[in-house]
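Please read the numbered points below alongside the sequence and the structure. Each point takes up one topic.

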Amino acid sequence: MGLNLPHFVIRPLALLAALAAAGPARAGGPAEFGLSELRAAMEQRGLSRQRLPILTEYSMVLPHDGFSILGNIIRGGSQRGLMYGLLEAAAQIRRQGRLSQAKGEPATPIRGIRWFVHNAELEAGWYHDREHWQAFFQMLARNRFNRFTLVFAHQTAYLAPPYPFWVRVPEFPEVRAKGLSDEERERNLATLRSIAQTAADYGVDFVLGIWEHDVQRGMEPSVEGLPPDNIGPYSYAALKMVLAACPGIRGVQMRTNSESGIPAARQTAFYRDWVFRALRECGRLVHLDLRGWLMQEGLFQAALEAQVPLRLSSKYWAEHLGRPYPPAETWPNYSFLDFLEKPGVSDRDRAWQFYWELWGLGSHRLLLWGDPDYVRRAVPTFTMSGAAGFEMDPPLAQKGFGNRPGQWGVFDASQKKRVFWKWEWERYWLFYLLWGRLSYNPGEPEQLWTGEFERRFGAAGADVLRATRSASKVLNEIVAVHLADPNMYIWPEVNPGGLLDSYQEVRPSDWRMVASFEENTTNRLQGRTSAKQRAVETAARLHEWALETEQAVEGAQRVLGDAHREWLGTKPDLQALALLARFHGRRQMAADHLAWFEATGDGTALYAARREAGGALRTWQELVELTTGLYPAEMAFGPDDVGHWKDRLPYLEHDMKLLEERVARFEKYGPVRSGFDFGGAVQEPKSPGYRQTRSVVANNVEPGFQAVAPETAWREGAQAGWLGQEPREAVALPLSPYREVRGVASEPGRLPRHALMGDFIAGAGPQVFRVKAEDGAYRVVLLKPDGTDETRTLAASGGVLDVAMPDGAWRISGVLVQGGPERRVGERWPRPVARPGLDHAAPKAATAGKALTLALRVWPVSEVTAVRLHYRPLNQLAAWKTAEAPPQRAVFTIPGAEVDARWDLQYYFEVLNSQGTGWFVPDPQMATPYHVVAVTVDTAPLPEGNGEKAGGGGQVR
């Protein structure tokens, strides 16, 4: 508790101080580290510590990680808080030569970093090195991180399970790690103990991640003597031994789904009876960190009943890092599901702490990142609805995935002139600085990083920072607007987004704020109004960031030239990100044009798609030229997508071949009203599955054409089908594999080819193929596999068009239907409309069971046609509801029955205009694009009449 001490006057630039602990620096604990930093700062300033002592105190008034500096008294809410105060004092001495009043309180309680152990050869240079770990934890402490998780055995046989690599359990002498000597095992345990203790010395809670208790199906075990019936008892005994040997371990993080190696039917009993029990009986308080993805029924309840402190985590933006907020709607298992549920009977806290997993394992693996605006925007979301914070994966966190042999660094071995670091994580100093310092205090002044850029790059510091900020926006936006797989199997830094046909059909991962290519086309054709971001807006944004980055890089280059080591190790990443922005800007437009062509037959859109795809190809060629020989040729950071940018060039070249084929067909036959591709039976895509899309399950069908198999029979309501049961057989094309369609394979050998003409249906006699069509005259072209065709003029009657096959034996690859009644095509390009004034005061709280009224003021309303309110409980398993009102009185009432004590309330507005576009409130480019209102419980009796409908003239849909 703080003491009432007299005021001390501190003379500017003439501070005389004596530290409470003299002698050489040592890592005796967080406070000792802080004192050593302060002493070093004073010595650098040439300031004596004899005349005026610095006093340190613990204070019960301050939060656990909080500190204050008042006069020469530095107080902390704990050893860690005191360390932060001493570090701040040291920074003040370095910066200004004196102490100033300061106070620090963490905006985010849990501020964590997560690494993975994956590769014996790559880890050999640092894992057992105590100097490395001291430097690393000092960096985490200076940046205000308070947690570090080291994960063993993640989707790999390497160190799975890890226990035999640390301990030999007397009751199970037969369990051994293959090829590991007793001395190596003892060294491994000593290193683990040292890492955990070193973390504690610098105020960082060490969490041991054990993600596999057995190898997964199909993996070669790295442990012998461990049959399935022994895994439970063995894990119980081994975990207890490890915890006893490593007292610095503060928590254990468990993956509990099938990826843990434990079969689904056994998971609940295994963790309840053996693992949770070991934590409970280990003799000290150890947190259980439970990853919430795909838990078996009963497992979460078992964790609640385990009598150990429980933390539950879930993903922030799938297994990638998108925009600075959890998406308003996404794949539920890759988000927070219903984990933000609160006790419904009172205002008690949850029985567990919830924190966010900011996975960067998919998207941010190699290239530099640093955008302070992004972090500042993200920080408030980390404590949304009582969440406790975050844990994130920095670049290189999963370097060497799969224990692939070979030594490789960030740059190719020939590029040593670009290496300005001793430990590779030092290259990402800005990443750690921003995420740590701003998650502790989002109000940190810009000087914190601008000063560091000036120190590192001198007069070019402002340009390097400007380039870094712009370049750092690129990957996050690509993830938001185009994420082929929420898992980490797609690597956006290196993957071009798959083949163009696949790129076109992939949904945005922020699909409530961004329209897919198909959705945008359908909206324009059917006159639907939507405020969602369109491809043309995405492209403009990406090109703007590319230009900003390139101009700033040029400015820095003029000052620094090619002699500045850190600039040489920074510039290529910025250039690569600028090219990625330009590439995806062109590819977004290519896919948008192609979607329009397939829906309308508009040839100008096809030519535009070819132009944009050609520009994207040339940009990727520039990217290959930049990176070849610069970055290693065989980079591995995940299960798939191993390699280099040059390995993806064949996909883009293949796209151009396919587009040239479509242009040639268009120039030969003209616009097609409807097309049918004859071949074998195909699987129907399971919407909205991210791997069950047309380009994956039916890539042997020409895009924009309907698949027709011999058994495709005509029925009422169908688009087309055969009349009669005459014999027909198909010669089908094989499917191209998923990894090639998505651009993952380094050496694609089965890319889709000749989808329209490479397969066919064979039959005999004038069999009839019926097509749904408006009455009128049509031109019908029968395409044959030998490249010839047969053209007929036919009339549709009664809403159907009957196409007879040729007399005798025939083989048909496809049917083109052209002409017919003129179709009215909606306007494609809306006129820009200036954003009106939009004002909304979000309520601070709502009362469970009582109606909540929300209003949006709009001015002027001349171009605004309607305002929509979208709302739901803060639960990814709940459906969104929508109410609509006129802009003159955009007032909405959410019924009391839908204000649930168990969840806070999530909502946002969509403002629509006369051009079919609109705006969101809040604006996704400026803020978290939804409000979250805390729902509290009123202990007074609820008034009658809580069943009103959402109002303001609006109807809930």
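1. Asp393 is buried in this predicted model, its relative accessible area being 2%. Asp393 forms a salt bridge with Arg114, and their closest N and O atoms are 2.7 Å apart. Arg114 also counts as buried, at 0% relative accessibility. The two partners come from distant parts of the chain, 279 residues apart: Arg114 belongs to strand β5 (residues 110-117), and Asp393 to the loop between β14 (389-392) and α10.

2. Arg114 and Asp393 also belong to a network of salt bridges, in which they are linked with Arg147, Asp289, Arg291, Glu357 and Glu391. In the whole structure, a search finds 71 salt bridges. Side chains of opposite charge can pair when their charged atoms come close.

3. A further salt bridge joins Arg75 and Glu57, with 2.8 Å between the closest N and O atoms. Arg75 is in strand β3 (residues 73-76) and Glu57 in strand β1 (residues 55-58), so the pair ties together parts 18 residues apart in sequence. Arg75 is buried, with a relative accessible area of 15%, and Glu57 is buried with 9%.

4. Glu612 and Arg586 form a salt bridge whose closest N and O atoms are 2.5 Å apart. This pair links helix α17 (residues 603-627), which holds Glu612, to helix α16 (residues 565-600), which holds Arg586. Glu612 is buried, at 11% relative accessible area, whereas Arg586 counts as partly exposed at 22%.

5. The structure also holds 69 aromatic pairs. Why is the pair of Tyr163 and Tyr234 edge-to-face? Their ring centres lie 6.4 Å apart and their planes meet at 65°, and an angle over 60 degrees counts as edge-to-face. Tyr163 is in the loop between β6 (147-152) and β7 (176-177), and Tyr234 is in helix α6 (residues 231-245), 71 residues apart. Tyr163 is buried at 0% relative accessible area, and Tyr234 is buried at 1%.

6. Tyr334 and Tyr690 form another edge-to-face pair, with 6.2 Å from centre to centre and 85° between the planes. The pair ties together parts 356 residues apart in sequence, because Tyr334 lies in the loop between β12 (310-315) and β13 (353-358) and Tyr690 in the loop between β15 (674-678) and α19 (694-697). Tyr334 counts as buried at 5% relative accessibility, while Tyr690 counts as partly exposed at 22%.

7. Charged side chains also lie over aromatic rings. Arg277 lies over the face of Tyr236, 4.0 Å from the ring centre, and Arg811 lies over the face of Phe760, at 4.7 Å.

Note on methods
Residues numbered from 1 in each chain as written. Predicted model: local features only at pLDDT ≥ 70, side-chain atom pairs only at ≥ 80, totals over all residues. Heavy atoms only, no water. Phe/Tyr/Trp six-rings, centres within 6.5 Å; stacked < 30°, edge-to-face > 60°. Helix = DSSP H or I, 4+ residues; strand = E, 2+ residues; numbered from the N terminus. Buried < 20%, exposed > 50% of the residue type's maximum accessible area, 1.4 Å probe, protein only. Lys NZ or Arg CZ within 6 Å of the ring centre and 35° of its normal. Salt bridge = Lys/Arg side-chain N within 4 Å of Asp/Glu carboxyl O.
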